[in-house]
Amino acid sequence: MSESVDTFGRRLHYLNADFGVKSWLLTRDHKRIALLYLISITIFFALGGLMAVGIRLELATPQGDLVQPDTYNRLFTMHGVLMIFFFLIPSIPAVLGNFLIPLMIGAKDLAFPKLNLASWYIYNIAGFFTLWAVAQGGVDTGWTFYTPYSTTYSNSYVIATALGVFISGFSSILTAVNFIVTIHRMRAPGLTWFRLPLFIWAHYATSLVIILGTPVIAVTILMVAAERLLHIGIFDPALGGDPVLFQHLFWFYSHPAVYIMILPSMGVVSELIAAFTRKRIFGYKFIAGASVAIAVLGFLVWGHHMFLSSQSVYAGMVFSVLSMLVAVPSAIKVFNWIATMYKGSVSWDTPMLYAMGFIGLFTIGGLTGVMLATLGIDIHVHDTYFVVAHFHYVMVGGAIMGYLGGLHFWWPKMTGRLYPVFWSKFAAIIIFVGFNLTFFPQFLLGYLGMPRRYHVYPADFQVLNVMSSAGATVLGVGYLIPLVYFVWSMRYGKRADRNPWGAIGLEWNTGSPPPQHNFHEIPTVDWDAYGYLPDTPAGTGESWGIAVPTQRQDRTQDDG
Amino acid sequence: MSIWPEQFPLFPDRATAIARDIDAIYFFGLGVATVFSLLIAGLIVFFAVRYRRTSPDEVGQREQAPAWLELVWSIIPLGILLFMFAWGAQVFFDARRAPADAVEYYVTGKQWMWKFQHPSGNREINELHVPVGVPIKLIMTSEDVIHSFWVPEFRVKMDVLPGRYTDLWFEVDKVGVYRLFCNEYCGVEHSLMGGRVIAMEPADYEEWLGSGQPQTTLTKSGEQLFEEKTCNTCHLGRSFALGPSLNDIFGTEVTFADGSTAIVDENYLRESILDPRARLVQGYQALMPTFQGQVDEEELVLLIDYIKSLSEGTGASSTGN
Ligand code: HEM
Ligand SMILES: [Cu+2]
Ligand SMILES: [Cu+2]
């Protein structure tokens, strides 16, 4: 394969092929756009995190002594809005998906590079809009915007914030359309559907959910705005509307949205488990099918958020049983990952630590989800800290663990640099411990009687709340460490060769960082994904057309 | 007697039979969650140690787990899930369906307080006195946004919505003072919208009722209001009256001009008073004026209670769901 070099003989790749602000802001390269997204979502993650710091500080004591109730309500609302709409929903698809989908399928770019860039701009406009609303005073409705509080009673910047969310929806949709078309049309010759990495399947399913669900929340936001501005009675009974209608519309999008957040993470975990056990993933078709099943069933269970909102008990039963069904494909995935570890060659590299953390925490999140879907249990724990703990186990313990695992796995590919092994493992452990300390006590709090969204709480709940606040401090430190060493590594990290983990996949078959157009020659694929063969020592991977290095390599490489 | 330190309880006290049912299924769910979490965590750790990579070139072994496992781990969880669903649904039914002989109290939530009306006519704010051993049904509505009524020791909870009635019932079996929380975010002072439910021996309760101002029962006050608002001019119950008779209608089926039908419950009565033209009873003209804005939530409750009393003996009692 021929490498292009610059006049000094250095290898050219997507990072050094072009210089200057303009070359970034007008780039159409999916890899650069992924990095732009990485910067944007990291900023929103930090802002959302700051608000969480405010929340946990306030809750360290039962009295409302740190901030005013009104401020507290704005803190938890903005925390939810930023974390869900501006961090978690775009996180894995817009960063890792953007970077990796073309690489994994042997394409030069996404199908619509300009749309891809547009989606980043739209995302930022939406973000700035929302931040502007925060600067004006923020919003206090909860990220769920329940009516008629949001349409009639709240004295905060509901419309501005909701429009921010509305605009961000367009960026999700553009990304999703781009992924779907790319996956359909741009696979390398020979790369059939069942040869695709599971990461691709997960993103395909996620994109479908985004395209089908996002318009519903968009229309709902417009209706909220219409009622709030023009007093058109849709949701407020005083105007002849129905407040529960809002909940149906909201959860019709927002339940599937939880799968927008978790499916990509599951895709990442499938890649990690295969690469760090050097084994073909067990039950490939079951995992792929489970992604699609979750995407479909996910649209049928929204009513489990409304068991106590005057919905009939029969409707409650239907939504309960459907929610139970959606847990089955999740269980299938978990068991298949574990079966893959059986007789694998299990490495304890940092990304694998995150993958194992993901499986454990997602399991707890999923099983407590099953408890919530059990009507007789939900009647007591609905809208309490039990629910708060449940969804943090899934979204932070699950989705964010997967995101971090993926970032650690593909960082050498994205930047061409390695990060410090010790610190990265240390951070992974700190995050795991801090996470559990923060959120496990909340299960107990919820069952004991602490409702969510409480600024002031009875004194007998203090011990558990202090534990949670202490855990949040540990977790916060855990998140800062990778931030530091990732930035550090970009300049000082050892150079990575094309395949530092000895993994199989087209993305490892090109330089680190990849050349501007990904591959010098488009590969022809005649093998299944994850074709680690036991009788072929990792050294001779070239024989199936994929570069697997002679040794796992953390040394400086010729690439430099 | 317990080894667990008392100052760190893991679940609230149980003061109703439903609380015991809910705890039972909760403990079952917790057991399932614990067993599976430990199983999965244990397998991860075991495999990670047992099959730890020993040389940088090592590749996983060819041998795979047997494929029939896919069936095992789909069907076993499915069975457990369906069992939990069925048990949960049964408990939920018991918790949501008030017994026919439940005594009805009315609750109005508003930012940020709870108002209670006893059948005897006593009124309270943020405190509700109830007798133990008597099934009590709360018929609830909100004057503004959505609230939610929750007493952890009773394990019952229900959203309280503006513009309609929802209901919740409990039968306390332990004298005591129990915390009441608003469980649906409702604005600035949501976390302060609490109160207490005070469960007393029936005799003490009677005494407490009598200790305040002499009261007129809800039904009596409703009857007065029925005359004051001149409802009785049309709803006399005679054949030449302009409006349908209200005797013995509660719980029965009513037919509308367009042929559709509905069961007469609190929500239907509410609609008929506030928005009489929404659904016109077959055979009558759209003559009734709206009383929207002329009766407040507490008066509305009086009228409804009175109309229900006209059906006493037919045994019907229901709140629409
Ligand atoms: C095994 C699958 C799951 C089941 C059976 C399940 C079940 C439930 C149920 C029944 C509720 C409503 C609880 C209540 O409000 O009383 C709930 C809440 C929630 N779940 Fe899950 N869940 C599952 C997986 C997930 C996943 C994968 C995510 C996110 C990635 C998630 C995120 C959430 C969120 C954000 C809420 C709370 C929403 C709110 O009220 O603010 N869940 N879940
Ligand atoms: Cu849901
Ligand atoms: Cu409230």
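What follows is a conversation about the metal sites, the ligand shell and some backbone features of this predicted model.

Author: Residues are numbered from 1 along each chain as its sequence is written, and chains are lettered from A and ligands numbered from 1 in the order in which they are written. In this predicted model local features need pLDDT of at least 70 and side-chain atom pairs count only at pLDDT 80 or more, while totals for chains, interfaces and linings use all residues; side-chain values use heavy atoms, with hydrogens and water left out.

Reader: Which parts of chain A does the pair His255(A) and His305(A) tie together?

Author: His255(A) belongs to helix H8 (residues 243-277), and His305(A) to the loop between helix H9 (284-297) and helix H10 (313-341), so the pair links parts 50 residues apart in sequence. Helices here are DSSP runs (H or I, at least four residues) and strands are too (E, at least two), numbered from the N terminus.

Reader: Why is His255(A) called buried?

Author: Its relative accessibility is 5%. Buried means under 20% relative accessible area, exposed over 50%, and partly exposed in between (1.4 Å probe, protein chains only). His255(A) therefore counts as buried.

Reader: And what makes Leu437(A) partly exposed?

Author: Leu437(A), in helix H14 (residues 421-448) of chain A, has a relative accessible area of 33%.

Reader: Which protein atom is the donor to the iron atom of ligand 1?

Author: The single protein donor is NE2 of His390(A), 2.2 Å away. His390(A) is part of helix H13 of chain A. The iron atom and the copper ion (ligand 2) are 4.6 Å apart.

Reader: How do you know that Arg452(A) makes a polar contact with ligand 1?

Author: A polar contact is a pair of N or O atoms within 3.5 Å; within protein, one must be able to donate a hydrogen and the other to accept it, and residues adjacent in sequence count only if both atoms are side-chain atoms. An N or O atom in the side chain of Arg452(A) is 2.8 Å from an oxygen atom of ligand 1, so the pair qualifies. For Trp143(A), the side-chain distance to an oxygen atom of ligand 1 is 3.4 Å, so that pair qualifies as well.

Reader: How many residues surround ligand 1?

Author: There are 23, and the closest include Val258(A) and Asp378(A). A residue is near a molecule if one of its heavy atoms lies within 4 Å of it.

Reader: Where is Asn518(A), and is it buried or exposed?

Author: Asn518(A) lies in the segment after H15 of chain A. With a relative accessible area of 0%, Asn518(A) is buried. Its phi, near 75°, is also positive in a residue other than glycine.

Terms used: Donors = N, O, S within 2.8 Å, 3.2 Å for Na, K, Ca; no water.
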